[in-house]
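The following exercises concern a single protein chain. Please study the sequence and the structure before reading each solution.

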Amino acid sequence: MSKTASVALAPSASLFARLVAAIDRLLMASARVSNRNGDLPRFGL
């Protein structure tokens, strides 16, 4: 008889946190492009 153990791994980040992180990455990429073009980045949505 073999002994097995199952471990339930909870997701490290909630769905809302992942959504906010994705929006943050998008805004940062937009700011980098604006900075590269010499424009002031637009903050916010």
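Accessible areas come from the Shrake-Rupley method with a 1.4 Å probe. The model is predicted.

**Exercise 1.** Describe the accessible surface of the protein and state what share of its residues is buried.

*Solution.* The accessible surface comes to about 4700 Å². Carbon and sulfur atoms account for 62% of that surface. Of the 45 residues, 2% count as buried.

**Exercise 2.** Determine the secondary structure and compare the reach of helix 1 with its expected span.

*Solution.* The protein has 1 helix and 0 strands. Helix 1 contains 22 residues. The expected span is 1.5 Å times one less than the number of residues. From first C-alpha to last, helix 1 reaches 32 Å, close to the expected 32 Å. Just after helix 1, Gly-38 takes a positive phi of about 85°.

**Exercise 3.** Is Phe-16 buried or exposed?

*Solution.* Phe-16 is found in helix 1, residues 15-36. Exposed means over 50% relative accessible area. Phe-16 counts as exposed because its relative accessibility is 62%. Together with Leu-19, Val-20 and Ile-23, Phe-16 makes a nonpolar surface patch of about 390 Å².

Definitions and conventions. Residues numbered from 1 in each chain as written. Predicted model: local features only at pLDDT ≥ 70, side-chain atom pairs only at ≥ 80, totals over all residues. Heavy atoms only, no water. Patch = residues over 30% accessible without salt bridge, like charges linked within 9 Å, V, L, I, M, F, W, Y side chains within 5 Å. Salt bridge = Lys/Arg side-chain N within 4 Å of Asp/Glu carboxyl O. Helix = DSSP H or I, 4+ residues; strand = E, 2+ residues; numbered from the N terminus. Buried < 20%, exposed > 50% of the residue type's maximum accessible area, 1.4 Å probe, protein only.
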